[in-house]
Amino acid sequence: MRFDSYMEWCLYDADIGFFASTRTDVRSSKSGDFLTSPEVSSEFGRALGRFVAAEHSRVGNEAEFTVIDVGAGSGSLLRSLGDVWAGQAVGIELSPAARETLAVDGLGGMASFAAFGPAVTGVVFANELLDNLPMAVVEKTDGGWVEHAVTTSGGALTMVRLEARPEVAAWADRYASDVPVGSLVEVQLEAAAWTADVLGRLDRGALVIIDYGGTSEELSGRRSRGGTIRTYRSHHLGPDPLVAPGETDITADVEFSALLDVCHEAGAEVELVRQDDFLRQWGVEDVISSLRHQELEAARAGDTMRQLKLKSERLDTETLLHPRGLGDFRVLVARK
Ligand SMILES: C[S@@+](CC[C@H](N)C(=O)[O-])C[C@H]1O[C@@H](n2cnc3c(N)ncnc32)[C@H](O)[C@@H]1O
């Protein structure tokens, strides 16, 4: 089984898949396996709500304007966008547990973006979705690219090398030709196909992809140090992806140069920035200043409970901007 098929099985198989099987809870939550920006602080969604308002005005305040979150998880992003978008927000989820949570709050809960048909006007968000789309893994050898695949040996899973498929080798040549022999590269054809599909359905508005990763240049060093595939389980780095299939989140850094090319080819106007810069642009630093000011007032008034609550809110909001944590995520905005 080539690594992309293995990743798909581990994450999305209806029986054992980490995200898809009915025996799982919502993974992106405090009781789950990892915390994402909208789970850390509702100020993330509020900032995106201000972005949505600006997009709505840019496309002429159309009445038919939808906010779609693909891979919406618990729905925390949609819930914190602001009341003005209630009734226009829809979550798309593969996970049955997440779909149930979304449906309770009237946030839809469809399984696929294809349900939207060909001409969407609005904003489509994908926060920490593309890092989970199945990826092939190739290794640079003296003789060119070889592809990693998974097989069984003595009752255990083990990695073998196969000749790389032509489309996989072509992608690696395009985005990682300069890496030294021995480097590992995650080939993200599914992320490219997903992005092209969404932009094909988006008539007017924006696609916003937020994730960890970087451009080819930024990822080059990580590729020469063994690539970026890793697993998470219960809020910690997990074991090798071949251990405990279906029980860990398999993920890798998103290759944004490839996505920028897809957006250009789809005729979109595109920008790529860091999450900390993006959130500053949409007012998060002002929110932090205001919380700090209110904290001081509460301290002066001797209201310790309120002071502590405001402090906790401020620290959560600051986490979104941490330069080596969430602030180092990338935000790709493609406008049509
Ligand atoms: C890392 S979680 C992020 C959840 C949420 N966006 C957040 O920021 O809290 C990824 C989510 O994407 C969902 N997912 C993965 N592939 C998907 C797909 N092709 N379509 C819809 N949802 C998908 C998973 O079930 C999971 O809930």
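How many salt bridges does the rule find across the interface of domain 1 and domain 2? Here are my notes, starting there; bear in mind that this is a predicted model.

1. The answer is one salt bridge across the interface of domain 1 and domain 2. R280 and E285 form a salt bridge, with their closest N and O atoms 2.7 Å apart. Looking at polar contacts as well, the count between domain 1 and domain 2 is six residue pairs, both partners being at pLDDT 80 or more.

2. Now for the layout. Domain 1 is pieced together from 11–133, 186–223, 248–280 and 321–335, while domain 2 is the stretch 284–319. Their C-alpha centres are 29 Å apart. Where they touch, domain 1 puts in 10 residues and domain 2 puts in eight.

3. How much area is buried between domain 1 and domain 2? It comes to about 830 Å², and carbon and sulfur atoms give 56% of that. As background, the size of an interface is often given as the accessible area lost when the parts come together.

4. Back at the polar contacts, there are six residue pairs of this kind between the two domains. On the domain 1 side, the elements giving two or more residues are α3 (42–58) and α10 (275–281). The most come from α3, with three residues. Sorted by class, that side of domain 1 has five nonpolar, two polar and three charged residues.

5. Salt bridges turn up elsewhere too: the structure holds 27. One of them joins the side chains of D4 and R165, at 3.1 Å from N to O. The two are 161 residues apart, with D4 in helix α1 (residues 3–12) and R165 in the loop between β7 (156–163) and α6 (166–176), so this pair links distant parts of the chain. D4 is buried, with a relative accessible area of 17%, whereas R165 counts as partly exposed at 22%.

6. Next, take R223 and E255, a salt bridge whose closest N and O atoms are 2.8 Å apart. R223 sits in helix α8 (residues 216–224) and E255 in strand β14 (residues 254–255), so the pair ties together parts 32 residues apart in sequence. Both R223 and E255 are buried.

7. E318 and R292 also meet through their side chains in a salt bridge, at 3.0 Å from N to O. Here helix α12 (residues 304–319) supplies E318 and helix α11 (residues 284–300) supplies R292, so parts 26 residues apart in sequence are tied together. Are these two residues buried or partly exposed? E318 counts as partly exposed at 25% relative accessibility, and R292 counts as partly exposed at 39%.

8. If you like networks, look for E218, R274, D276, D328 and R330, which are linked by salt bridges.

9. A few backbone angles deserve a look. Most residues other than glycine have a negative phi. E128, though, has a positive phi near 55°; this residue is in the loop between β4 (120–127) and β5 (136–141) and counts as buried at 15% relative accessibility. A244 is not a glycine either, and its phi is positive at about 55°. You will find A244 in the loop between β12 (236–237) and β13 (249–251).

10. Finally, helix α5 (residues 96–104): which of its residues are buried? They are P96, A97, A98 and L102. After α5 comes G106, with a positive phi near 65°.

Note on methods: Residues are numbered from 1 along each chain as its sequence is written. This is a predicted model: local features need pLDDT of at least 70, side-chain atom pairs count only at pLDDT 80 or more; totals for chains, interfaces and linings use all residues. Side-chain values use heavy atoms; hydrogens and water are left out. Domain bounds come from an automatic or database domain assignment. Contact means heavy atoms within 4.5 Å. Buried area is the accessible area (1.4 Å probe) that two parts lose on being put together, summed over both. A salt bridge is a side-chain nitrogen of Lys or Arg within 4 Å of a carboxyl oxygen of Asp or Glu. A polar contact is a pair of N or O atoms within 3.5 Å; within protein, one must be able to donate a hydrogen and the other to accept it, and residues adjacent in sequence count only if both atoms are side-chain atoms. Helices (H or I, at least four residues) and strands (E, at least two) are DSSP runs, numbered from the N terminus. Ala, Val, Leu, Ile, Met, Phe, Trp, Tyr, Cys and Pro count as nonpolar, Asp, Glu, Lys and Arg as charged, and the others, Gly among them, as polar. Buried means under 20% relative accessible area, exposed over 50%, partly exposed in between (1.4 Å probe, protein chains only).
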